[in-house]
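Please read this report beside the sequence and the coordinates. It moves from backbone geometry to helix packing and then to aromatic and charged side chains.

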Amino acid sequence: MTASLTTNAPTTPSLTADLARRIVASDPLADAEAVQAARVALVDFLACAIAGATDPALTILLDTLGGVGAGDATLIGRAARADAFTAALANGHAGHALDYDDVHASVRGHPGAVIVPALLAAADDSGASALDLLAAHIVGLETMARLGLALGSRHYEIGFHATATLGSVGAAAAVARLLRLDAAQIAVALGLAATQSSGLRLQFGYDAKPWHAGFAAKAGLTAARLAARGFGGAPDAFDGPINFFSAFAAGAAQPDLATRGWGEPWQIVTPGLILKEFPCCTAAHCAAEAVLGLRADHAIDPDRIAAITASFPPGGDAALVVRRPTNGVEGRFSVEYVIASALVHGDLGVTTFADRPIPPAVQSLLDRVERRHDQDAPRMSNDPATRFTDVTIRFTDGSSLSRRVNRIRGAQDLDAKFQDATNRDPRFADVPARVFAMTTRDDLRGLTAALGQPVS
């Protein structure tokens with residue numbers, strides 16, 4: 001039954017209403033740095049989605065759920081088209097399939113793989129311009145990140161995958177902004193997205209993890225479109241005794257952080273996105289940098305290594321759920337595999353994490369890696385200052401090498417990452433230039449046409 005948008009509305013100003021008002025009233029296009037950051041983020045996402053378009057699990061999803069050929073929405077890296085909801089799902093899965101996509105500390109997850117697919121699906125028939133899409137991306141990420149801060153770190157620690165749980169709300173905010181919903185409609189859209197929030201970290205290392213990004217994108221798109229049509233839902237999802245925070249924060253919520261400092265600066269600028277240098281879980285990146293740095297500075301013979309220790313802050317390896325992987329895909333969530341592969345091969349490219357057996361030299365070395373936690377360090381949280389990894393390599397002669405990395409440096413060359421991820425396919429070569437120049441509706445249509453080509 002369709003309910004009035006004012007049903008059960010609170011009589012005093014609410015957090016939900018304040019958040020909805022900010023989503024409507026913000027002017028992110030006035031901030032040139034935020035707009036440029038959104039363009040960079042879009043290029044990074046598209047690199048990851050093109051690379052992930054051939055993921056076998058995505059084919060299973062599309063074959064099982066249908067929707068291909070039922071609409072005009074673009075499927076990245078595929079010639080076929082689909083309805084908007086299927087496209088949001090598919091492109092979200094593709095963007096997250098290699099775990100190569102952007103990360104945000106406030107979210108403790110991956111905003112781009114949820115927000116961008118929802119926006120691209122909505123934009124196909126909305127009449128929105130490229131600038132409209134960039135503005136909606138900034139606002140959607142702001143919503144997702146501010147809610148991540150408001151939830152606190154316990155949400156992730158008790159087992160939720162924030163990319164999925166926060167992603168549905170961030171995507172709804174982004175699409176609602178793109179569709180020019182009013183504040184009352186947006187308040188309902190946020191609640192409809194929140195009631196679809198789901199996703200557990202126990203799925204890390206399985207096909208279900210990138211599916212999380214896809215179904216969150218679809219959920220956000222669904223919520224915004226339903227609200228636009230007058231579909232009823234609670235307009236106060238972040239208020240009252242039973243709300244989003246009471247359900248998901250495990251007692252650690254600070255709700256005022258959802259709006260405090262909104263856009264000052266934009267979260268896409270500060271702390272900004274981490275664009276991944278390696279296609280594996282972010283929690284292993286500090287260790288990867290430490291090992292590759294040691295290898296570059298010293299002649300390390302793997303056969304002389306007696307033991308390797310990777311030390312994290314408490315909770316710092318929570319996402320690294322695999323200790324003894326059997327293939328490269330599982331290795332994306334194994335610091336043991338990342339360290340061993342970096343030492344043996346000297347790099348960590350897309351092929352390192354392919355679905356193939358682990359080479360004997362890597363297997364032998366990862367069995368010598370041990371994890372530890374520095375109990376004197378602050379617990380890992382949304383604060384980037386709490387992140388670090390110490391790596392110590394001990395040799396059979398009693399000597400050792402150590403390196404500590406406190407901050408993920410991220411991708412050093414976005415163009416090189418795009419070329420590597422797309423296998424230098426000339427059909428996608430002009431995508432970055434299109435993104436950095438686009439402003440109009442026609443520009444956006446040109447981009448989506450370029451993306452709807454099959455990956456060879």
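The paragraphs below describe selected features of this model, which is predicted.

**Backbone geometry**

Most residues other than glycine have a negative phi, and most peptide bonds are trans. Against that background, the peptide bond that joins E264 and P265 is cis, with omega about -5 degrees, and P265 lies in the loop between α11 (244–248) and α12 (268–272). A cis bond also leads from T270 to P271, where omega is near 5 degrees; here the proline, P271, is placed in helix α12.

D99, in the loop between α4 (84–96) and β3 (103–104), has a positive phi near 55 degrees, and D99 is buried, its relative accessible area being 3%. R424, in the loop between α17 (414–421) and α18 (431–437), likewise has a positive phi, near 55 degrees, but R424 counts as exposed at 55% relative accessibility.

**Packing of α5 against α8**

Helix α5 (residues 112–123) packs on helix α8 (residues 162–178) at an angle of about 35 degrees, and the two axes are 8 Å apart. The crossing of α5 past α8 is right-handed. On the α5 side the contact is made by V114, I115, A118, L119, A122 and A123, while α8 contributes T163, G167, S168, G170, A171, A174, V175 and L178. Sorted by class, this contact holds ten nonpolar and four polar residues, with no charged ones.

Which residues of α15 are buried? They are V335, E336, Y337, V338, I339, A340, S341, A342 and L343, so that nine of the eleven residues are buried and the helix is mostly covered. The buried residues of α15 pack against α13 (285–297), β5 (305–312), α14 (328–331), α16, β6 (369–373) and β7 (389–395). After α15 comes G346, with a positive phi near 80 degrees.

**Aromatic rings and charges**

A pair of aromatic rings is described by the distance of the centres and the angle of the planes.

| Pair | Distance of centres | Angle of planes | Arrangement |
|---|---|---|---|
| F238 and F244 | 5.4 Å | 75 degrees | edge-to-face |
| Y337 and F353 | 5.8 Å | 65 degrees | edge-to-face |

Why are these pairs called edge-to-face? Planes over 60 degrees apart count as edge-to-face, and the plane angles are 75 degrees for F238 and F244 and 65 degrees for Y337 and F353. Both F238 and F244 are buried, and they belong to one aromatic cluster together with F160, F245 and F248. In the other pair, Y337 and F353 are both buried as well. Because Y337 lies in helix α15 (residues 335–345) and F353 in the loop between α15 and α16 (360–366), this pair ties together parts that are 16 residues apart in sequence.

Charged side chains also sit over aromatic rings. The charged end of R404 is placed over the ring of F388, at 3.9 Å from its centre, and K417 lies over the face of Y100, where the distance to the ring centre is 4.3 Å.

Notes: Residues numbered from 1 in each chain as written. Predicted model: local features only at pLDDT ≥ 70, side-chain atom pairs only at ≥ 80, totals over all residues. Heavy atoms only, no water. Helix = DSSP H or I, 4+ residues; strand = E, 2+ residues; numbered from the N terminus. Buried < 20%, exposed > 50% of the residue type's maximum accessible area, 1.4 Å probe, protein only. Axes fitted to C-alpha atoms, helices over the stretch in contact; angles between N-to-C directions. Left-handed = near helix turned anticlockwise from the far one by under 90°. Contact = heavy atoms within 4.5 Å. Nonpolar A, V, L, I, M, F, W, Y, C, P; charged D, E, K, R; others polar. Phe/Tyr/Trp six-rings, centres within 6.5 Å; stacked < 30°, edge-to-face > 60°. Lys NZ or Arg CZ within 6 Å of the ring centre and 35° of its normal.
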